[in-house]
Every structure is written in structure tokens, then in C-alpha cells.
Amino acid sequence: MAALQTLHLAHLPPDLAVHVALYTDVRNASFLRDQLLQGNPDFEYALVDASVILSTTHALAAVFRAANDHLKGRLKSRNVHSEIVFSLGANNNIAQSLRTFGITPTTTNLLAIKLSTDPSITSSTISEHLSASIQGIQVEFNDAKLAGLNNIAKIRKLYKLGGVGEEGSKGKRRRKDGTVESSGLVDGTAAKDAERERRELEVAILGLMALRGAV
Amino acid sequence: MDGPSPPQPPLPAPFTHTHPAPTLLTQGAEALLYCTYFLTPSHPCALKYRPSKPYRNPILDKRLTRHRILSEARTLVKCRREGVSVPGVLALDAEGDGVSGGWMMMEWVEGKTVREVLVAGAKRRKEGRDDEDGWEEGVTALMGKIGRAVGRMHEVGVVHGDLTTSNIMLGPLAAPQQNGVTTNGEHMEQVGEGLGGEIVLIDFGLAGQSLQDEDKAVDLYVLERAFGSTHPEAEEGFQEVLKVYEESYKGAKVVLKRLEDVRMRGRKRSLLG
Ligand SMILES: Nc1ncnc2c1ncn2[C@@H]1O[C@H](COP(=O)(O)OP(=O)(O)OP(=O)(O)O)[C@@H](O)[C@H]1O
Ligand SMILES: [Mg+2]
């Protein structure tokens with residue numbers, strides 16, 4: 001079974017470690033969500049529905065944003081962990097982002113994130129608490145695992161990014177003779193197209209998260 | 001001899017922790033451009049930092065900085081999702097901490113500005129180190145690509161506002177290269193040294209959304225002047241920009257008509273001095 005991963009994001013102070021654990025087949029999402037709703041301090045995690053997470057970069061960009069706002073003392077939600085979930089959203093509506101990206105009673109793929117905002121929060125304390133609290137199968141937090149359990153169509157819909165990077169979308173243009181001309185890219189294999197599509201979707205999402213609906 | 005370089009305001013948190021420290025690339029009037037990385041060292045990015053201006057009223061300064069960062073980011077995000085070749089936005093902090101300004105991180109563009117490429121090429125040719133035929137063909141191909149990129153940008157309703165050769169980059173070839181031959185069989189030598197690659201438009205600090213032909217024509221005029229003043233040898237080739245631009249979207253012809261008016265006014269203005 002995979003173990004809790006401890007990461008250090010660039011630019012953040014070295015003692016502000018990021019701890020991440022990914023689970024599939026979670027059976028007690030309802031209980032976990034209740035702990036968050038009740039504000040149980042033992043359950044101060046970002047509990048994210050992993051089926052709407054595109055990639056590790058997608059999740060960690062939200063962590064970076066929340067951590068930066070935490071360091072600058074301008075969180076908009078209850079704590080840095082709810083702020084991570086809020087930061088996944090593409091607008092300023094906290095409740096909506098928590099509902100969309102946070103754990104739901106029916107969540108089965110779960111991403112748990114916790115920051116070492118205090119020296120007493122260590123990898124082993126978190127690890128212990130998570131294994132005692134989450135009923136599910138822990139898997140490695142990486143792009144391949146996320147790709148295996150996320151729902152791209154749903155992600156596109158959430159961010160209103162239907163068509164971005166997809167075949168025949170605005171990024172590509174049809175020549176007069178009907179053949180598709182990809183934007184400067186040489187035609188590649190299906191795998192290369194899929195990779196390009198994923199990259200375009202990711203960069204579009206990061207942009208929307210950064211803007212947070214600012215007009 | 002160079003004078004002392006202007007003092008650089010230190011980067012704000014969280015970049016005070018960044019190791020190795022971001023490298024300063026350029027220092028413009030409004031912004032400093034650094035090379036650093038996003039979340040991990042394997043993900044290079046450009047950091048555009050807009051320090052606060054001590055001589056401006058602090059409240060106004062904060063508002064201006066915030067506005068500029070969000071405006072540039074908004075245009076980049078729109079362009080990217082509509083298929084205009086620009087660096088994607090990775091993160092930003094438009095608020096700063098009240099004293100130090102704000103920043104935006106964007107994808108790193110591997111490559112050089114068109115200005116750098118043309119200046120280096122002109123120098124090589126003057127020294128007789130480049131074969132002329134390959135170079136001229138290369139410049140023409142490059143002009144075509146610029147015309148298409150600008151056309152696509154205008155088609156989606158974005159005007160750049162500062163379209164100079166420093167704000168157009170020539171990224172790497174899309175196809176991985178092997179021994180000077182791209183994987184689609186194109187020989188590097190055929191396009192003139194350093195002229196191959198994909199066009200990436202940058203610096204949208206003064207950009208905005210506009211459907212006005214006038215604004216688009218001014219973009220083209222600024223670009224034409226930029227070529228004329230810094231790259232006289234490439235001025236002729238500029239026709240290729242307009243030719244490809246004209247065919248790149250439906251409204252292009254009207255904009256080119258408008259460009260003639262803009263040129264006329266420009267000439268009158270310079271006559272009046
Ligand atoms: N995404 C990028 N990747 C690599 N290099 C970049 C990138 N963005 C900018 N640069 C380099 O940095 C230089 C300055 O960037 P940019 O034009 O955005 O800033 P600026 O001209 O100082 O801004 P402003 O005109 O808004 O004050 C560019 O000419 C280019 O050489
Ligand atoms: Mg510039």
C-alpha cells in the first residue's frame with residue numbers, strides 16, 4: 001500500500017511541508033464530510049474529490065495559492081485547508097467551490113492534503129490519523145493514478161472548458177481542403193494528441209484558477 | 001561603457017525563499033522579468049514582477065498594479081484557450097502585500113525574441129558568415145508565421161497594444177529534432193540559422209479586447225514601424241506579414257484598408273514634427 005507523500009513546493013518556506021494522500025474505494029466519505037461540517041479540529045484537511053482533479057500540478061497549484069495567501073494573512077475561507085479547496089475554483093464563490101471540489105457523501109476517490117502549519121504537525125502524526133480515519137485503498141499520488149480515476153468530461157464542464165485543446169476546436173483550424181491544421185504542431189500519433197490535449201486543458205485550468213473570475 | 005545598472009527592488013515573499021534565486025532577465029519601466037520555476041525545479045516559468053512605485057500614491061499604486069496584472073493575465077488566458085500562441089498563466093498575486101507590488105507566473109518560452117534573432121542574423125550576414133539565400137527564405141517564412149499569429153489574435157478580438165519585435169518570441173520547433181533534421185524531415189539549414197520555430201506572442205500588459213478595425217490597424221502599424229526602425233533589412237519582408245495576415249481571418253481586409261489611413265496620419269504627424 002502506498003504511503004503518505006511529503007512534498008516541498010518551490011518558493012514556500014522549507015518548514016511549510018505539504019502532505020498528500022490519495023485514496024480509491026473510500027467507504028466512509030459521509031462520515032469524513034460530517035467532521036468537516038462540524039468543524040472537528042482533528043479533521044483539518046483539504047478533502048478533495050479526486051475525480052475532478054486533472055493532475056498533480058492542478059492540485060498543487062491550488063495548494064501554492066492557498067499557502068501564499070495563508071503566509072500573507074489574507075485567507076478568505078475558514079483556514080488554509082478549506083482555502084486549498086476554494087483555490088481550485090474558477091470564481092470567488094467559496095461555498096460553490098467547496099461543494100464542487102470538496103468531498104461529498106458519495107465520494108469514492110479522495111485526495112487528502114495537509115500543510116505543516118505548526119511544528120507539531122508531522123508526516124507521522126498525519127499518517128497515523130489518516131489510516132485510522134479513512135476507510136479506503138491508499139494509492140500513490142501521481143499523474144498516472146489521477147488519470148485513471150478522474151472524469152475529464154466533468155472537469156471540462158466544471159471549468160466551462162468544453163473543446164479546449166480538443167480535435168477540431170478553435171485552437172486548430174480547418175484548411176480549405178478540409179484537412180486539420182494543428183496550431184504550428186506537426187501531426188503526431190494519437191498518444192501525442194492526447195498529451196497535447198491534456199496539457200492545453202491543464203494550462204487553461206491554471207489560468208482560470210489564477211484569475212478566480214476577476215474581470 | 002555601461003552605467004551602473006538601476007537598483008533592483010528585492011523580490012517579495014514567497015520568492016525570498018526560492019532556491020536558487022530567480023534570475024533577472026530584463027528590467028522594463030513597469031516590470032521585471034525573471035526566469036524561475038513553478039512548483040518543482042522541472043517546471044521552468046517566467047515571473048513578471050511589477051514592483052510598487054514609491055513616488056505614486058499608495059492607494060492608486062495598488063489599484064494600478066492590480067489592474068495591470070489582472071488585465072494581462074485575463075488576455076493571456078483568453079488568447080490561450082482560443083488557440084492564439086501565448087504563454088499560459090500559471091499563478092498570480094495581484095494584491096501583493098501592500099508595499100511590494102504584485103506578480104504573475106507564466107509558462108517559460110524556450111527561445112529568443114524576434115528582435116534578437118534578426119539582430120544576430122544581420123550581424124552574421126554583415127560578417128559574411130551566413131549564406132544569403134537560406135536567410136532570406138527563412139525571414140520570409142518567419143514573417144508569414146507572424147502574420148498568421150497576429151491574424152489569429154485579432155480574429156479572437158484581442159489587440160496587443162505594444163506589438164514590437166521584442167514582444168514576439170520564436171519558440172523551439174514543435175517537432176523534436178534529430179541531428180539538425182526535424183522528425184518530419186525538414187532540414188534546419190533550409191530555413192536559415194535560428195529562424196525555425198513557433199511564434200509566441202508575449203507582453204500583453206497594454207493589451208485589451210477590441211473589435212475596432214482602427215485598434216487592429218494600429219497594432220500592425222506599430223509592428224511595421226518596429227521592423228522599419230530596428231531591422232531595415234527586413235522591412236521588405238514585412239509585406240509577407242500583411243499578405244498572410246490578409247488571408248488569416250474574415251475581417252482582415254478591412255483592417256489592412258484602415259492601415260493605409262493610419263500610415264497617412266502617422267506621416268502627417270511626423271511632418272509636423
Ligand atoms: N514567458 C516568457 N518566457 C521566456 N522569456 C520571456 C517570457 N516573457 C518575457 N520574456 C522575456 O522577457 C522580456 C520582457 O518581457 P515583457 O515584454 O513581458 O516585459 P516588459 O516589456 O518589461 O513589460 P511591459 O512592457 O509591460 O513593461 C521579453 O522581451 C523576453 O525576452
Ligand atoms: Mg516587452
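Buried, for this talk, means under 20% relative accessible area. His11(A) has 2% relative accessibility, so it counts as buried. This is a predicted model, and I will start with that residue, then go through chain A, the interface, the metal site and a few backbone points in chain B.

His11(A) sits in the loop between strand 1 (5-7) and strand 2 (18-24) of chain A. Its phi is near 80 degrees, which is a positive value in a residue other than glycine. That gives us a loop residue with positive phi that is also buried.

Now chain A as a whole. There are eight helices and seven strands in its secondary structure. The chain has 215 residues, and 51% of them count as buried. If we take the contacts in chain A between residues at least 6 apart in sequence, 75% of them join residues at least 24 apart.

One more residue in chain A is Glu202(A), which is placed in helix 8 (residues 190-211). Is Glu202(A) buried or exposed? Its relative accessible area is 10%, so Glu202(A) is buried. Leaving aside residues up to four places away in sequence, Glu202(A) touches Leu54(A), Ser55(A) and Thr57(A).

Next, the interface. Chain B puts 39 residues in contact with 34 residues of chain A. Between them the two chains bury about 3000 Å², with 62% of that on carbon and sulfur atoms. How many salt bridges does the rule find across the interface of chain B and chain A? It finds three. In one salt bridge, the side chains of Arg74(A) and Asp93(B) meet at 2.6 Å, N to O. As for polar contacts between chain B and chain A, the count is 12 residue pairs, with both residues at pLDDT 80 or more.

Which parts of chain B supply at least two residues each to the side that touches chain A? They are strand 2 (32-37), helix 1 (58-81), strand 4 (89-93), strand 5 (102-107) and helix 3 (132-155). Helix 1 of chain B gives the largest share of that side, six residues. By residue class, the side of chain B that touches chain A divides into 17 nonpolar, 10 polar and 12 charged.

Staying with helix 1 of chain B, Ser71(B) is found there. Ser71(B) is buried, at a relative accessible area of 11%. Ser71(B) and Lys257(B) are 186 residues apart in sequence, and their C-alpha atoms are 29 Å apart in space.

On to the metal. The magnesium ion, ligand 2, is coordinated by Asn167(B) through OD1 and Asp203(B) through OD, at 2.2 to 2.3 Å. Asn167(B) comes from the loop between strand 7 (158-159) and strand 8 (168-170) of chain B, and Asp203(B) from the loop between strand 11 (199-201) and strand 12 (208-209), so the pair ties together parts that are 36 residues apart in sequence. Asn167(B) counts as buried, at 6% relative accessibility, whereas Asp203(B) is partly exposed, at 25%. Asp203(B) also has a positive phi, near 60 degrees, in a residue other than glycine.

Last, the cis peptide bonds in chain B. One joins Ala13(B) and Pro14(B), with omega about 10 degrees. Another joins His19(B) and Pro20(B), with omega about -5 degrees. Pro14(B) is in the segment before strand 1 (23-27) of chain B, and Pro20(B) lies in the segment before strand 1 as well.

Note on methods
Residues are numbered from 1 along each chain as its sequence is written. Chains are lettered from A and ligands numbered from 1 in the order in which they are written. This is a predicted model: local features need pLDDT of at least 70, side-chain atom pairs count only at pLDDT 80 or more; totals for chains, interfaces and linings use all residues. Side-chain values use heavy atoms; hydrogens and water are left out. Contact means heavy atoms within 4.5 Å. Buried area is the accessible area (1.4 Å probe) that two parts lose on being put together, summed over both. A salt bridge is a side-chain nitrogen of Lys or Arg within 4 Å of a carboxyl oxygen of Asp or Glu. A polar contact is a pair of N or O atoms within 3.5 Å; within protein, one must be able to donate a hydrogen and the other to accept it, and residues adjacent in sequence count only if both atoms are side-chain atoms. Helices (H or I, at least four residues) and strands (E, at least two) are DSSP runs, numbered from the N terminus. Ala, Val, Leu, Ile, Met, Phe, Trp, Tyr, Cys and Pro count as nonpolar, Asp, Glu, Lys and Arg as charged, and the others, Gly among them, as polar. Donors are N, O and S atoms within 2.8 Å of the metal (3.2 Å for Na, K and Ca); water is not among the atoms, so sites may look incomplete. Buried means under 20% relative accessible area, exposed over 50%, partly exposed in between (1.4 Å probe, protein chains only).
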